[in-house]
Amino acid sequence: MQKGTINVQTENIFPIIKKFLYSDHEIFLRELISNAVDATQKLKTLASMDKFKGELGDLTIYVEVDKKKKLLKVRDRGIGMTAEELDKYINQIAFSSAEEFIKKYKGKSDADKNALIGHFGLGFYSSFMVSDKVEIFTKTYKKGGPTKATRWECDGSPEYSMEEIEREDRGTEVVLHINDESKEFLEEYRILELLKKYSKFLPIPIQFGMEKSYEKTGLKDKDGKDEYKDVEKPRIINNTKPAWTQKPADLKDEDYKSFYRELYPMNFEDPLFHIHLNVDYPFNLTGILYFPKVKRNFEVQRDKIQLYSNQVFVTDSVEGIVPDFLTLLHGVIDSPDIPLNVSRSYLQSDASVKKISNHIMKKVSDKLEELFKNSREEFEKKWDDIKIFIHYGMLSEPKFYDKAEKFALFKNVDGKYFTYEDYKKLIEPAQKDKDKKLVYLYSTDKEEQHAFIETAKERGYDVLDMSGVIDNHFINTLEQKFENSSFTRVDADVVDKLIKKEDIQPSKLSDKDQEKLKPLFEKYAAKEKYSIVFESLSETDKPVIITQPEFMRRMKDMSKLGGGMDYMGSLPDSYNLVINSNHKLISDILNEPDNDRQENLVKQVTDLARLSQNLLKGQELTDFIKRSVELIGK
Ligand code: ADP
């Protein structure tokens with residue numbers, strides 16, 4: 001038997017590993033299984049190159065718990081190690097990198113310590129976080145040389161022992177003697193949970209115990225019904241060939257959907273579509289991103305994307321790692337360039353992760369563009385569902401905007417879709433004002449703004465449907481990007497003022513007439529809510545129109561969405577009560593000798609305007625109906 005002291009430079013690192021690295025003890029299992037997978041993959045590679053000529057046999061990795069003896073075992077049939085290799089890799093190299101970790105770890109503030117724990121892999125030595133003693137049994141795949149097996153043992157002091165043993169099977173078995181503080185890792189449910197978390201998609205099958213299922217026997221009972229029985233079979237934790245590792249050409253739409261269900265068993269809605277990422281230059285990256293179906297109430301869930309490194313789960317909190325708007329997508333990203341043993345804060349600052357993030361953004365926009373070009377009709381059908389992602393991307397990532405402006409669509413109130421370029425052509429020159437500024441008209445609610453939409457259409461204008469949740473924000477972005485253009489809600493002003501043209505009609509009412517009329521309207525429409533203005537509109541326009549000035553309304557909308565200006569939100573809504581000084585009814589009101597009738601007419605035309613803006617409610621509505629009935633009777 002060989003005894004030795006692990007080459008300790010500073011002091012015993014084991015107490016430090018045990019005591020201080022509390023935050024993420026569970027990762028030890030991921031480390032051991034990753035090692036087992038690596039060793040197995042290496043053997044497969046050797047076999048494929050004809051460097052290993054023996055029988056590969058069953059390559060399943062076994063995880064076993066022996067609660068009575070307080071043992072947790074991870075066993076593989078990979079390449080194994082010779083005694084020399086074990087000495088080199090475990091006693092020297094692995095140890096010194098663990099030691100290096102500890103050196104960096106000491107003398108740091110608590111915050112830095114936490115960052116470091118994730119930052120550096122403890123690898124194999126992380127098993128000492130949860131063990132009093134660790135044993136390794138290993139036998140190399142190599143023939144001809146020393147084929148005897150080796151047992152290594154270390155009890156958490158720098159002393160280890162190594163001896164030659166007899167062992168039938170090729171590969172490595174790591175046996176942890178779980179310490180008293182870590183009893184949770186002897187619980188079946190806990191291990192199962194960890195395996196599901198970190199190993200769900202590893203490329204080598206992992207078995208943890210047996211599972212029972214209730215299956216058809218193939219026989220019928222006396223009533224002719226299928227007979228069932230309990231069947232016990234190996235519980236395999238992982239899907240070794242998850243969809244993202246396969247070639248897109250080999251997958252059908254249904255395969256992508258069923259993989260989606262595998263990722264999110266609790267999500268019952270199918271995704272809208274997927275993007276299969278498959279990059280090998282300038283770095284390796286595979287993955288599948290899904291555009292989820294978002295419910296109308298904007299129940300978007302962030303952080304559904306899972307990051308993997310060679311099929312080993314790294315994290316599912318990707319904020320700051322992928323562009324913000326992509327955190328709204330679902331799916332998997334796998335890159336060997338994503339460091340395995342790092343904390344989130346480290347990932348965020350990692351240069352290769354940044355590159356990956358930009359690249360994913362590019363891939364997403366390429367895919368969308370392709371969809372748009374190849375099947376415009378399909379794209380339009382999906383637009384209402386995907387626009388939230390695209391708009392959010394466009395307003396938060398200038399680079400994405402530059403790509404997306406080619407395929408982003410406008411939808412007008414008639415449900416027609418246009419590219420930005422085509423829409424501009426559509427509304428030019430009709431919607432240019434006298435200063436050559438192009439005015440985009442939009443509606444946030446087709447029903448409520450119906451009368452205004454109709455009036456605008458009569459003028460030959462087109463009105464956009466901007467009823468989306470973030471459209472208010474998005475309009476600001478568009479105004480910054482579009483040259484010499486502005487966006488105005490269709491009810492922001494009377495139609496002639498929405499887009500100001502050169503030729504202003506002469507007013508039929510003199511200033512004096514207006515002064516006479518004003519108090520009559522003021523008396524009825526509360527001053528603090530309505531500003532009364534006279535406009536010289538067309539005779540065919542309505543006599544009184546209520547508008548909501550764009551600027552104030554936008555400010556209020558923004559503050560509702562949390563735009564910072566809270567006091568704005570508490571202000572009452574402000575409206576303009578626009579009196580059409582060219583309408584015959586207005587002149588009639590002015591010249592009405594009967595005071596009661598005059599007052600009634602003022603009320604009636606004002607209420608009609610309020611009605612078309614959905615502002616007439618309660619007592620006032622009741623009064624209006626009563627008055628209308630009386631007026632009809634006369
Ligand atoms: P890392 O895996 O990052 O190299 P570890 O400390 O986890 O660091 O392991 C150190 C080395 O020990 C590995 O690189 C490998 O050569 C060897 N090793 C660990 N586990 C196994 C195993 N199950 N089979 C074969 N070799 C192993």
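1. Helix α2 (27-48) gives the largest share of the lining of the largest pocket, namely ten residues. Helices here are DSSP runs of H or I with at least four residues, strands are runs of E with at least two, and both are numbered from the N terminus. A pocket is defined on a 1 Å grid over the protein atoms alone, as an open set of points with protein on both sides within 12 Å along at least five of seven lines; lining residues have an atom within 4 Å of a point.

2. This is a predicted model, in which local features need pLDDT of at least 70 and side-chain atom pairs count only at pLDDT 80 or more, while totals for chains, interfaces and linings use all residues. Residues are numbered from 1 along each chain as its sequence is written, and side-chain values use heavy atoms, with hydrogens and water left out.

3. The largest pocket holds about 1,200 Å³ of space; a volume is the space filled by probe spheres set on the grid points, which are joined across faces, edges and corners. Its lining has 46 residues, and S34, N35, D38, A39 and K42 are the closest to the centre. At least two lining residues come from each of α2, α3, β7 (171-178) and β11 (285-291). By class, the lining has 23 nonpolar, 16 polar and seven charged residues. Ala, Val, Leu, Ile, Met, Phe, Trp, Tyr, Cys and Pro count as nonpolar, Asp, Glu, Lys and Arg as charged, and the others, Gly among them, as polar.

4. The ligand sits in the largest pocket, in the sense that more than half of its atoms lie within 2 Å of the grid points of the pocket. The residues surrounding the ligand include N35, A36, A39, D76, Y89 and T172; a residue is near a molecule if one of its heavy atoms lies within 4 Å of it. The shell has seven nonpolar, three polar and one charged residue.

5. A polar side-chain atom of N35 is 2.7 Å from a ligand oxygen atom. A ligand nitrogen atom lies 2.9 Å from an N or O atom in the side chain of D76, and a ligand nitrogen atom lies 3.2 Å from an N or O atom in the side chain of T172. Of the 540 Å² of accessible area that the ligand has on its own, the protein covers 73%; such areas come from the Shrake-Rupley method with a 1.4 Å probe.

6. The structure also holds two cavities of 30 Å³ or more, a cavity being a set of grid points where a 1.4 Å probe fits but cannot get out. The largest cavity contains about 70 Å³ of space. Among the residues that line the largest cavity are W383, K387, H391 and D471. Its lining divides into five nonpolar, one polar and four charged residues.

7. The second largest cavity contains about 40 Å³ of space. Helix α8 (residues 351-374) gives the most to its lining, with four residues. This lining has eight nonpolar residues, one polar residue and no charged residues.

8. Two backbone details remain. E428 and P429 are joined by a cis peptide bond with omega of about -5 degrees, and P429 is in the loop between α11 (420-427) and β17 (438-443). D50 is not a glycine, yet has a positive phi of about 70 degrees; D50 is placed in the loop between α2 and β2 (61-66).

Note on methods
A polar contact is a pair of N or O atoms within 3.5 Å; within protein, one must be able to donate a hydrogen and the other to accept it, and residues adjacent in sequence count only if both atoms are side-chain atoms.
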